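Colleague: Could you take a close look at the aromatic ring pairs in this one for me? I'd enjoy a connected account, with some of the setting around them.

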Amino acid sequence: MGWLNKIFKGSVNRVSRGHYDGHWHEGNQSEHTRDAYDESDSEDIARAIALSLAEQDPNKGKAIDPDYSLEEDEQLARALQESLNTESPPHQNAPVENVPTESIPAREPHQHVLPSSGFRTCAGCRKPIGHGRFLSCMDEVWHPQCFKCYACNKPISEYEFAMHEDQPYHKSCYKDFFHPKCDVCKNFIPTNQNGLIEYRAHPFWMQKYCPSHEDDGTPRCCSCERMEPTDIKYITLDDGRKLCLECLTSATMDSPECQHLYMDIQEFFEGLNMKVEQQVPLLLVERQALNEALEAEKSGHHLPETRGLCLSEEQIVRTILKRPTIGPGNRIMDMITGPYKLVRRCEVTAILILYGLPRLQTGSILAHEMMHAYLRLKGYRSLSPQVEEGICQVLSHLWLESEIIAGASGNAASSSASSSSSSAAPTSSKKGAKTEFEKKLGAFIKNQIETDSSVEYGDGFRAGIQAVEQYGLRSTLDHMRLTGSFPY
């Protein structure tokens, strides 16, 4: 299952500052504002502009009376100066490392001008700007105390600010609200060498974490695959595997405890009219014992990390006799194991399951291995690895559905076996209500089966489930017995 790689990039916005003292003076986007012209300079400039316009087109211009009054001159200067300042204030974007890109819809610049006074209105309080300092940003003008952060509602006095959904934020507030935090170390995810926020995410749980945690030895839960957060200590099993506390709550730890689950799955098979008459021993074992048994087995095809085995050979296996306890440092201790001699009385000598996994995961593995046992005991010969592993994954998937979907045990089993039996798979009395995490874990295990990329397990499952959904489980099994392949 591939992990996801995410990258954020974005922009910040800058404030243009100015003041009004009878004329509008807007600064550029630097730390300072430009110097204001004095009143006489403004009047000279206005007079020169008016004369120039008149000379360019005498027909459009208006003759200037040499006896014009000072009051008219001042009004003309103010009008021209106002027209020069009604353009949109400067607005500039620059890359910043911790602000994602926001698509801000373009807005038509609109400056609110009171016709009686010439004052523009504040976009915050909608009152006249009046004389004094003002800010020009977001195509508006503001009183400095009215341009506020959308998160903390305090004025933004910094030169740069962040935007999200057309609302301004302090850069620090934006970071607190929107900058992704690592679910492992709980820190803000740092930027890469290009100034972009880059993180990894589990494709199912969407646990976000810094890329560095993939190489710094941060452990993962051996069941759900989530990384161990710094503020939570996972359980360490004796073979070095880590188990999160949520998976631990339903973990199967010894062979006697596993027998109840074994009976549940035997009932599930009986409900599918697939009863296994032979009494096949079920043993919960450590990883070392599982690997040793795998080496002793002469045939079979297994995943790189084996969690279950259906054995056909006689051998001695060490099984877990008593549930271990959790000692200092959250480590498993006081595990009691003992030898178990496998005797060949039929085609299957035992089923081995790795200990320490949650009930749903243990059951899905057990259902898979039970199907291997059924195929061998019922004489299904010469099946290719893709067909055999595929149909075993189908049974594992069906059992999971019966566990995590309310009322699905009868519906899923009966629909799959509709061509052969009217019996529905019974709902196990041992199941009980599932916690939200167990439901999520069951969905995760199903997702692993469905998205497996291997030829034998992944492609085999997808071909098998398609055949079962189209023809029913019994017809699919009959076709496999005759041809060694799935019906198409």
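**Aromatic pairs and their setting**

Modeller: Happy to! Let me start with the overall setting: of the contacts in the protein between residues at least 6 apart in sequence, 62% join residues at least 24 apart. Please keep in mind that this is a predicted model. Its secondary structure comes to twelve helices and 22 strands, and 48% of the 488 residues are buried. The accessible surface is about 24,500 Å², with 50% of that belonging to carbon and sulfur atoms.

Now to the rings. A pair of aromatic rings is described by the distance of the centres and the angle of the planes. With centres within 6.5 Å as the cut-off, the count comes to 13 aromatic pairs. One of them is formed by Y169 and F178: their planes stand at 85 degrees with the centres 5.4 Å apart, and because an angle over 60 degrees counts as edge-to-face, that is what this pair is. Y169 is buried, at a relative accessible area of 5%, whereas F178 is partly exposed, at 26%.

The pair of W205 and F437 has another geometry: the ring centres are 5.9 Å apart and the planes meet at 15 degrees, so this pair is stacked. W205 sits in the loop between β10 (197–201) and β11 (208–209), while F437 belongs to helix α10 (residues 436–451), so the pair ties together parts that are 232 residues apart in sequence. Both partners are on the buried side of the 20% limit: W205 has a relative accessible area of 15%, and F437 has one of 13%.

Going back to Y169 and F178, these two belong to a cluster that ring pairs build together with Y150, Y174 and F177.

Rings also meet charges here. K181 lies over the face of F188, 5.0 Å from the ring centre.

Let me finish with a helix, α7, which covers residues 359–377. Its 19 residues should span 27 Å at 1.5 Å a residue, and the end C-alpha atoms are 26 Å apart, which agrees. Just after α7 comes G379, which takes a positive phi of about 85 degrees.

Technical notes
Residues are numbered from 1 along each chain as its sequence is written. This is a predicted model: local features need pLDDT of at least 70, side-chain atom pairs count only at pLDDT 80 or more; totals for chains, interfaces and linings use all residues. Side-chain values use heavy atoms; hydrogens and water are left out. Helices (H or I, at least four residues) and strands (E, at least two) are DSSP runs, numbered from the N terminus. The expected span of a helix is 1.5 Å times one less than its number of residues. Rings of Phe, Tyr and Trp (its six-membered ring) pair if their centres lie within 6.5 Å; planes under 30 degrees apart count as stacked, over 60 as edge-to-face and the rest as tilted. Buried means under 20% relative accessible area, exposed over 50%, partly exposed in between (1.4 Å probe, protein chains only). A charge sits over a ring if NZ of Lys or CZ of Arg is within 6 Å of the ring centre and within 35 degrees of the ring normal. Contact means heavy atoms within 4.5 Å. Accessible areas come from the Shrake-Rupley method with a 1.4 Å probe; for residues, only the protein chains shown count as cover.
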